[in-house]
Amino acid sequence: MNFAELSQKKIFKFWYPLALTWLMMAFEGPFLAAIIARLPEAKFNLAAYGVAYSFALLSEAPVIMMMAASTSLVKNSQSYFKLRNFNNLLIIFVTVILAIGLIPQIFNFITGTLINLPVNVGELTRYSLLFLIPWPGAIAYRRFLQGILIANNKTKLVSYGTIIRLLVMAGAAYGLFKFVTISGAYIGAISLSAGVVAEMIASHLMCRSILKKLKSQSFDKTSNDNLSYKKIFNFYFPLALATFIGLGAHPLITFLVGHSKMSLESLAVLPVINSLVFIFRSIGLSYQEVGIALIGEDKKGYRPLKKFATKLAFFNILVLGVIAFTSLADIWFISVSGLSKLLAEIAILPTQILIVIPALSVLISFQRAIQVAYKNTAPISKATAAEVVVIVMALFTLISLFDMIGVTAAAIALVLGRITSNSYLFFENKKHTN
C-alpha cells in the first residue's frame, strides 16, 4: 500500500485495528490464567498450562511469520497459489511434529528427565497439549489470510476475526469452568483451540471476495518476477528460523527455571507475568506488518514510521511502569489474576524488570519490517539466535552461580537477550537507512 504523504494520522488509522487485534489476543492469557487460578490445585495447573503453552508456541514457530510473508509476497493468482501450497505443507509438517512429541516415551523424557517436572504436572501438560493439536495449523491458515487482508487495507476485518476468537474462547472457558469438572489446564487448552479454529473460519469467510479477485488476475507465466518455491523458501526460511529460535527459548527457559530456586512457584507465576507483559508487547508486535505494508517501494515511509514507533515505545514503558511500581501490581496479580499473596510477591520484581521489553518489542518489529521490505531476511534469524544465546547463558549463570529465584533470573535474561537482538539489527538497518 502506498500513500502520497504518510502522516502520523494515516499510520494510526492503519495500525490501530491490528493493535486491537493483538491486544485482544493478549487478554486471552490473563483471562484463562484467572480461571485456572480459581480452580482446585491452581499451582500445579498453572504450571502445566504454562509449560503446555510454551510447547504450543514452539510448534507454531515455523508458521507464525506467514502473515508477514503473505503481506509482502501475494500480488496475484500465481503468487497466491504458490504461497498457499507452501503454507499447506508447513501445516502438515508442524502438526505431525507436535503429535510425535506427544508420544509418551518422548514426552516423558522431555518433561520428566530434561525439565524435571513433577509427575502430576507432566501428565496435566501432556493432555493439555493433546487438546492443542489443532493450534498450529489453524494459526498458519488464518495468518496467511490475514496477511492478504492487511495488504488490501482491510485491517479492520483482522480485528473482527479476533473478536470472534475471543468470544468463542471466553464462552468455551466459562462454560467448562461453570458446568464441567475437569482440570484447569485442560480448560485453558480446549478454550485456546476453540478460539483459533473459530478465527480461522471467520478469516476465510471475510477474505473470500479478495481471494476471488486474486484468483482471477492474469499474470505473465514467463516473467522472472513470478514467485517460485525457491524464492519463497529463501525469503521465508530466515523468518521461520528466527521465530523458531525465539519461541524455542520458552522451553529452554522452562527447563532452566525448573532447576532453579523456588522452581514450582516460578513456573506457576511465569504465565501470569508473561500474560501481563504481553498485553503491552502486543502493541509492538502489531507494528511489524504496518511497517512492511506502509514503508513503500521507494522507502519514503521510513521516517514517519520511525517517529510513530518511538511514540509507541515510550507509551509502553510509561503505562506498564505505572502498573509494575504501584499498588496496581497487587490488584492485577491478586484480585484479577487470582494468585495467592506469596505468588504475587514473587511476581512483582520480575515484572518491574520486564517493563522495557514492550518498548524493545516496538523497536524490533520496526527493525524486522525494514529487513523484510528490502527482502533481506537473513539478519532477522541471526539477531534472534544471538538473543537466545544471551538469554540461555545469562539464565544459567544467574541460577547456577547466584542461586537466584528462577522467575527473577528469567526476567533479567530476557531483557539482556532482547537488547542484544535490537543492537544487532540496529547496525544491519544502518546499511539501508543511511
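This is a predicted model: local features need pLDDT of at least 70, side-chain atom pairs count only at pLDDT 80 or more; totals for chains, interfaces and linings use all residues.
1. Start with Lys375, in the loop between helix H18 (357-373) and helix H19 (378-400). Its relative accessibility is 48%, so Lys375 counts as partly exposed. Check the backbone here as well: phi of Lys375 is near 55°, which is a positive value in a residue other than glycine.

2. Met262 is worth a look for its backbone too. This residue is not a glycine, yet it has a positive phi of about 55°. You'll find Met262 in the loop between helix H12 (229-257) and H13. With a relative accessible area of 30%, Met262 is partly exposed.

3. Now follow the chain into H13 and see how this helix meets H17. The axes of H13 (residues 263-285) and H17 (residues 341-353) come within 9 Å, and they cross at roughly 55°. As for handedness, the crossing of H13 and H17 is right-handed.

4. Which residues of H13 and H17 make the contact? On the H13 side they are Glu265, Val269, Ile273 and Leu276. H17 brings in Leu343, Ile346, Ala347, Pro350 and Thr351. Sorted by class, the contact of H13 with H17 has seven nonpolar residues, one polar and one charged. Glu265 is the charged one and Thr351 the polar one.

Notes
Residues are numbered from 1 along each chain as its sequence is written. Side-chain values use heavy atoms; hydrogens and water are left out. Axes are lines fitted to C-alpha atoms, for helices over the stretch in contact, and angles run from 0 to 180 degrees between N-to-C directions. Helices (H or I, at least four residues) and strands (E, at least two) are DSSP runs, numbered from the N terminus. A crossing is left-handed if the near helix is turned anticlockwise from the far one by less than a right angle, and right-handed if clockwise. Contact means heavy atoms within 4.5 Å. Buried means under 20% relative accessible area, exposed over 50%, partly exposed in between (1.4 Å probe, protein chains only).
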